[in-house]
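Student: Could you take me through this structure feature by feature, giving the general idea before the particular case?

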Amino acid sequence: MKKKLMGLLIAAAVVVCAAFAWRIAYSLRKSNDNLPALTAIAEMSEAEVNSILPGYKVAQLKEVWGKPDTSEENTACWETGNVTLIVNYKSSGVIVVCGLKDGSGRSAGEE
């Protein structure tokens with residue numbers, strides 16, 4: 001009886017650990033589901049944006065946020081309110097670095 005109970009407890013622990021590990025892995029992957037709204041990005045600092053967006057593909061941003069307001073070679077810009085998000089990406093489409101500019105052209109949040 002004790003062996004069966006111990007086996008069931010171990011099996012339950014394994015299932016709980018697997019579910020927990022899956023949840024962590026899902027929340028950390030670069031999927032469209034995990035991409036914040038453009039309005040939420042506009043309220044973040046550049047450091048926060050650069051901790052979230054690098055690693056995503058520019059095609060994912062276009063799919064979630066729509067066509068960029070302006071686009072040049074390896075750069076795309078989305079405008080929301082008086083903030084412009086500037087996304088720089090590799091030729092493979094993977095985002096490398098981002099910037100936030102306010103209406104006057106200064107980095108957003110700069111005094």
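Tutor: What follows goes from the sheet to its turns, and then to single residues and the surface.
This is a predicted model, in which local features need pLDDT of at least 70 and side-chain atom pairs count only at pLDDT 80 or more, while totals for chains, interfaces and linings use all residues. Residues are numbered from 1 along each chain as its sequence is written, and side-chain values use heavy atoms, with hydrogens and water left out.

Student: In what order do the 4 strands lie in the sheet?

Tutor: Helices (H or I, at least four residues) and strands (E, at least two) are DSSP runs numbered from the N terminus, and two strands pair if DSSP finds at least two bridges between them. Here the 4 strands make an open sheet in the order β1-β2-β3-β4, with antiparallel pairing. Because β1 (70-72) and β4 (95-101) each have a single partner strand, they stand at the edges, and one side of each is left without a neighbour in the sheet. From one strand to the next the twist averages 15°, where axes are lines fitted to C-alpha atoms (for helices over the stretch in contact) and angles run from 0 to 180 degrees between N-to-C directions.

Student: Which helix packs on the sheet?

Tutor: Contact means heavy atoms within 4.5 Å. Helix α4 (residues 58-65) packs there, touching β2, β3 (83-89) and β4, and its direction makes about 25° with that of β2.

Student: What should I look for in the turns between strands?

Tutor: In the hairpin of β1 and β2, with 2 residues between the strands, Asn 74 takes a positive phi near 60°, a positive value in a residue other than glycine. The hairpin of β2 and β3 also has 2 residues between its strands, and Gly 81 in the turn has a positive phi of about 60°. The hairpin of β3 and β4 has 5 residues between its strands, and Gly 93 in that turn has a positive phi of about 95°.

Student: Is Thr 84 buried or exposed?

Tutor: Buried means under 20% relative accessible area, exposed over 50%, and partly exposed in between (1.4 Å probe, protein chains only). Thr 84, in strand β3, has a relative accessible area of 18% and is therefore buried. Leaving aside residues up to four places away in sequence, Thr 84 touches Cys 77, Trp 78, Glu 79, Gly 99, Leu 100 and Lys 101. Gly 103, in the segment after β4, is exposed at 67%, although Gly 103 and Thr 84 are 7.7 Å apart in space, C-alpha to C-alpha, and 19 residues apart in sequence. Asn 74 is partly exposed at 28%.

Student: Which residues form the nonpolar patch on the surface?

Tutor: Patches are made of residues with over 30% relative accessible area and no salt bridge, like charges being joined within 9 Å and nonpolar side chains (Val, Leu, Ile, Met, Phe, Trp, Tyr) within 5 Å. A salt bridge is a side-chain nitrogen of Lys or Arg within 4 Å of a carboxyl oxygen of Asp or Glu, and accessible areas come from the Shrake-Rupley method with a 1.4 Å probe, where for residues only the protein chains shown count as cover. Leu 5, Met 6, Leu 9, Ile 10 and Val 14 form this patch, with about 510 Å² of accessible area together. Leu 5 lies in helix α1 (residues 2-28) and is exposed, with a relative accessible area of 53%.
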